[in-house]
Amino acid sequence: MNLILHVWRQKNASEKGRMERYEANDVNPDMSFLEMMDVVNENLITQGSEPIAFEHDCREGICGSCGFMINGIAHGPQRGTTVCQLHMRHFKDGDELYLEPWRARAFPVIKDLVVDRGAFDRIISAGGYITAHTGSAPDANALPVPKTDADRAMDAAACIGCGACVAACPNASAALFTGAKISHLGLLPQGQPERSRRALAMVAQYNRELFGSCTNIGECEAVCPKEIRIEVISRMNRDYLKAAWKDRSALRDDQAETEPKAGGRR
Amino acid sequence: MALDSRVPSGPIEQAWDRARFEMKLVNPANKRKYNVIVVGSGLAGGSAAATLGELGYNVKCFCFQDSPRRAHSIAAQGGINAAKNYQNDGDSIYRLFYDTVKGGDFRSREANVYRLAQISVHIIDQCVAQGVPFAREYGGFLANRSFGGAQVSRTFYARGQTGQQLLLGAYQALEAQVDAGRVKMFPRTEMLDLVVIDGRARGIVSRSLVTGKIETHVADAVILATGGYGNVFYLSTNAKGSNCTAIWRAHRRGAAFANPCFTQIHPTCIPVSGEYQSKLTLMSESLRNDGRIWVPRDPGDKRSPSQIPENERDYYLERRYPSFGNLVPRDVASRAAKAVCDEGRGVGETGLGVYLDFGDAIKRLGRHVIEERYGNLFEMYERITGDNPYVTPMRIFPAIHYTMGGLWVDYQLMSTIPGLFVLGEANFSDHGANRLGASALMQGLSDGYFVIPYTLGNYLASNKLDKVDAASPGFQAVTTDVEDRLKRLLSVRGKRTVASFHRELGRIMWDYCGMSRNAEGLEHAIGAIRNLREEYWRNVNVPGSEGDLNQQLESAGRVADFLELGELMCIDALHRNESCGGHFREEFQTEDGEALRDDAHYQYVAAWEYKGPNTSPELHREPLEFNYVHPAQRSYK
């Protein structure tokens with residue numbers, strides 16, 4: 001099949017970007033989307049042009065590196081699928097595809113389809129962990145965890161940190177990402193001692209990074225390649241409200257809540 | 001170059017205890033005065049950086065990905081072994097040790113393996129405490145499954161995403177240390193060379209992948225945890241970015257490279273579908289617990305699998321290995337698949353595939369049980385191939401998956417360059433000539449959480465290190481080397497893309513240094529690689545500049561290193577005149593086609609010393625002693 005691609009090209013963060021048109025010819029339906037892009041890039045290099053920069057690594061849908069908008073949908077049209085796992089058999093001859101980077105103030109463009117998602121690391125760093133210094137753990141079976149809790153924790157822990165939720169949200173909110181980690185750890189007995197501090201610290205960092213607020217639109221859930229459920233956001237809100245009411249002392253001074261600034265969509 | 005393995009003397013059960021007691025300690029108040037570099041942020045590097053940060057060292061951690069959470073450990077599916085014996089089915093530390101030494105075909109160091117088995121139980125404790133959501137029974141206790149070649153259920157798992165969950169545990173511990181100011185993280189930064197001053201590793205030269213800026217980092221010790229080199233084959237189950245540059249550059253600076261030809265071919269991957277193929281996808285070998293592997297009895301049988309009656313199918317693993325059946329170790333299963341395809345009985349369009357059939361399991365257990373066990377893997381298979389494995393048997397074929405070889409390290413995980421430590425898949429230490437399933441995660445975390453914290457302290461406390469700074473001639477010289485090399489790559493402006501060279505190298509490696517090897521083929525491959533390398537530096541086309549994000553330039557440097565490593569792998573495979581584990585030399589096999597080891601001549605680790613470009617490397621041997629598990633021909637019949 002033959003396709004027309006309109007791709008966002010931007011040299012670096014400071015220069016202005018623009019859409020450019022490319023042709024992808026003789027596309028094999030068994031190719032993955034990124035393999036189709038590889039072929040386009042090989043041709044660009046041979047013609048002496050700069051290839052399109054896009055992020056990828058494992059190409060198995062688990063590392064979370066890849067992702068861009070295909071015709072306005074994060075990771076493209078197939079539900080529960082990262083762009084590296086999307087195959088060309090879902091497209092048809094003559095399709096015109098518009099490829100754009102994740103767009104959010106908190107995710108500045110580095111080049112073409114590559115954005116900086118360092119804000120996600122900083123949200124985890126603020127409190128997305130259980131403090132358990134190496135060597136301090138009791139026997140693994142000393143603390144039974146009900147299977148249903150472990151399963152629900154695993155559902156939330158499946159997040160790959162790709163950023164599609166932010167890209168899809170009209171507010172560029174990172175609530176699904178943050179809520180997933182708060183839920184994963186908060187559902188487990190090991191996570192209880194730091195539960196309040198975690199919610200306060202992570203939400204504060206989230207605001208500091210200029211992500212927008214959640215207004216329950218649900219686009220995030222719809223595009224999430226790991227199908228993380230929007231209920232993690234309610235869990236985050238509940239933990240946060242409870243902690244803000246009862247446990248403000250759990251927060252270190254340097255992590256005090258910041259008011260949401262003008263953030264969100266770029 | 002002398003190889004001193006520093007294995008403690010005396011009974012193996014107490015070796016690690018004794019070694020730890022004999023190691024010197026760094027005073028808690030002094031730890032912050034030491035700077036440590038960790039390259040790589042996977043299970044080994046991430047856990048090392050987090051733990052060293054907790055102990056109080058000043059840690060700098062580097063990864064080429066945009067976040068440490070994306071290291072390729074994340075893609076491990078099946079599970080992690082530990083000798084917990086929670087299932088009361090006969091497991092013990094000794095049995096895990098025994099299985100690993102035997103599974104490695106008697107080419108690993110006993111003391112290292114014993115330590116690994118001992119530490120395995122602490123890893124599970126540590127990960128559970130961090131909140132890793134392992135699978136559980138209804139009573140709330142941990143669930144286990146048997147996995148790849150083990151007759152006990154000792155594998156802990158988190159659905160089909162065990163690597164992801166273990167890595168997120170280590171990553172979160174690492175980020176906690178970033179927040180505490182003990183670890184400084186350098187994402188999108190690639191180590192391009194090692195700096196050795198007065199015979200000791202004292203730092204690295206790195207390149208920012210965003211700005212292209214070359215930087216020097218001074219340290220008291222350098223830890224490499226940069227994973228394996230399976231991408232030398234171009235097509236492998238490794239992530240696209242996985243590369244050998246860090247360990248290869250260290251090798252060129254004096255670190256011996258051990259057993260480079262020991263590579264693992266994983267039996268259950270999705271077959272290649274076309275020339276454009278960019279990587280191969282693994283289907284967890286846990287599938288072999290319930291799936292039955294077969295091919296048509298008769299060569300050239302092109303009927304669809306449902307049309308082939310039971311008595312015209314050959315369940316060749318069950319037939320050849322009745323006691324282990326479909327669960328034989330990876331090397332054995334891979335070779336058996338190749339054998340039936342060579343006989344013309346392979347399936348699918350290319351004839352390079354075998355069936356993995358769940359029909360019987362679905363009949364016996366019901367579809368919902370299979371769905372619960374493997375649902376995500378079945379979905380992934382369908383996404384890639386368009387076939388529904390609940391109805392049509394999966395097609396699988398072996399693919400490069402893991403490299404047992406790596407930089408030589410002693411019992412304390414230090415390479416032949418003092419102050420340079422190597423952890424995880426990047427070293428050679430624990431798996432011999434073949435790794436058992438669910439043991440890579442175990443080794444990565446063992447090295448990072450529980451070994452390096454002791455052995456690094458011992459090195460720092462026992463050696464007085466002179467002060468060096470980045471302006472010293474040693475650092476300047478390496479920086480110049482790095483810059484010259486980048487300029488050279490960009491200045492060729494030839495006609496062929498980096499990927500086309502990489503693909504060609506991969507084809508040579510797969511054809512002559514893959515699942516089976518012979519002397520003639522290896523000699524041919526060595527010549528072909530030399531020619532390709534010569535053409536590379538004359539005809540490669542690397543577009544763009546060095547001053548910004550340039551993925552082609554990144555790839556070009558890595559492929560240049562693969563072009564050197566590939567030759568060393570063939571040299572190693574050629575010199576080892578025996579078959580063992582993943583290294584199968586066609587000249588050395590038993591009558592029924594099993595690997596034929598030669599313990600009298602090859603019971604050693606082959607550690608190669610770099611002698612300069614286009615000069616033959618020098619072989620050093622570390623003899624292996626087996627005082628506990630006595631070498632025997634591996635039999636899974």
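Helix axes are lines fitted to C-alpha atoms over the stretch in contact, and angles run from 0 to 180 degrees between N-to-C directions. Helices (H or I, at least four residues) and strands (E, at least two) are DSSP runs, numbered from the N terminus. The model is predicted: local features need pLDDT of at least 70, side-chain atom pairs count only at pLDDT 80 or more, and totals for chains, interfaces and linings use all residues. Residues are numbered from 1 along each chain as its sequence is written, while chains are lettered from A and ligands numbered from 1 in the order in which they are written.

Chain A holds eight helices and seven strands. Its radius of gyration, taken over C-alpha atoms, is 20 Å, close to the 18 Å that the globule rule gives for 266 residues, so chain A is as compact as a globular protein of that length. That rule is 2.2 Å times the number of residues to the power 0.38. Along the principal axes, the C-alpha atoms of chain A fill a box of roughly 60 × 40 × 35 Å. Of the 266 residues of chain A, 54% are buried (20 or more other C-beta atoms within 10 Å of the residue's own, with C-beta atoms placed from the backbone). Contacts require C-beta atoms, placed from the backbone, within 7 Å. In chain A, 74% of the contacts with a separation of 6 or more join residues 24 or more positions apart.

Helix 6 (residues 195-208) and helix 8 (residues 231-246) of chain A pack at about 105°, with axes 8 Å apart. Helix 6 of chain A is therefore roughly perpendicular to helix 8 of chain A (65 to 115 degrees). Helix 6 of chain A brings A:Arg195, A:Ser196, A:Ala199, A:Leu200 and A:Val203. These meet A:Met236, A:Asp239, A:Tyr240, A:Ala243 and A:Ala244 of helix 8 of chain A. The contact residues are seven nonpolar, one polar and two charged. Ala, Val, Leu, Ile, Met, Phe, Trp, Tyr, Cys and Pro count as nonpolar, Asp, Glu, Lys and Arg as charged, and the others, Gly among them, as polar.

The contact between the chains takes 61 residues from chain B and 64 residues from chain A. Helix 5 (162-179) of chain B gives the most to the chain B side, with nine residues. By class, that side has 23 nonpolar, 24 polar and 14 charged residues.

Helix 14 (residues 519-539) of chain B has 21 residues and reaches 30 Å from its first C-alpha to its last. Its buried residues include B:Leu522, B:Ile526 and B:Ile529.

How values were computed:
Angles under 35 degrees count as roughly parallel, over 145 as roughly antiparallel, 65 to 115 as roughly perpendicular and the rest as oblique. Two residues are in contact if their C-beta atoms, placed from the backbone, lie within 7 Å. The expected span of a helix is 1.5 Å times one less than its number of residues. A residue is buried if 20 or more other C-beta atoms lie within 10 Å of its own, exposed if 12 or fewer, and partly exposed in between; C-beta atoms are placed from the backbone.
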